[in-house]
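Please read this briefing alongside the sequence and the model.

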Amino acid sequence: PAGCINPLTSDHWVIFNSADQRVTAFRKRGEEDIWTSIDVSGQAPVPLVSPGTHPACFTNIFSGVFVISFTGTDGHIWQLSYDGASWSSVDVSGEAPVDYAAFGTSPSGFVNVMNGEHFFSFIGSNARIQSLNYVYQP
């Protein structure tokens, strides 16, 4: 699993690939002492999570958007984004000329807080490091 804290809302997130290959999250809002479970894969159109991989997460403090990245069963890197009101999804690797993710590869991601640019890295099926970056557009 991956753990993230949104510094803008103090929300705590634990993200994982559940037994049914769906992105699942435990969330604790701000200062509340209650954790809730969310089937994140059910919030926006995405494929199942590739077996043996793990999602990553970060908060874009430039936009306030919470981001989860994962490898789908289609070999693409996907992003699920939560803007505080609703979820959306993007086939990130479908937006650029990169190789499919190697089987069992989990992406890593981060945001440049100066301009909101998202970066994702993963091992491609060609055994080379693949890198994707783009500016989030809500």
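**Disulfide**

The torsion about the S-S bond of Cys4 and Cys57 is about 105°, so the disulfide is right-handed. A disulfide here is a pair of cysteine sulfur atoms within 2.5 Å. This is a predicted model, in which local features need pLDDT of at least 70, side-chain atom pairs count only at pLDDT 80 or more, and totals for chains, interfaces and linings use all residues. Residues are numbered from 1 along each chain as its sequence is written, and side-chain values use heavy atoms, with hydrogens and water left out.

- The count by this rule is 1 disulfide, and the sulfur atoms of Cys4 and Cys57 lie 1.8 Å apart.
- Strands are DSSP runs of E with at least two residues, numbered from the N terminus.
- Cys4 is buried at 11% relative accessibility, where buried means under 20% relative accessible area, exposed over 50%, and partly exposed in between, with a 1.4 Å probe and protein chains only.
- Cys57 is also buried, its relative accessible area being 13%.

- Four strands form an open sheet in the order 5-6-7-8, with antiparallel pairing; two strands pair if DSSP finds at least two bridges between them.
- Strand 5 (56-60) and strand 8 (87-91) are at the edges with a single partner strand each, so one side of each has no neighbour in the sheet.
- On average, neighbouring strands of this sheet are turned by 20° against each other, direction ignored; the axes are lines fitted to C-alpha atoms, and angles run from 0 to 180 degrees between N-to-C directions.
- Strand 7 (residues 77-82) pairs with strand 8 in the antiparallel sense over 5 bridges, and Gln79 has Val90 in strand 8 as its bridge partner.

**Hairpin**

- Strand 9 (residues 108-111) and strand 10 (residues 117-123) pair in the antiparallel sense over 4 bridges.
- Ser108 stands opposite Ser121 of strand 10.
- The hairpin of strand 9 and strand 10 has 5 residues between the strands, and Gly116 there takes a positive phi near 80°.

**His76**

- His76 sits in the loop between strand 6 (65-71) and strand 7, and is buried with a relative accessible area of 17%.
- The side chains of His76 and Asp91 are joined by a polar contact of 2.7 Å; a polar contact is a pair of N or O atoms within 3.5 Å, and within protein one must be able to donate a hydrogen and the other to accept it, while residues adjacent in sequence count only if both atoms are side-chain atoms.
- Leaving aside neighbours within four places in sequence, His76 is in contact (heavy atoms within 4.5 Å) with residues including Phe70, Tyr100 and Asp91.
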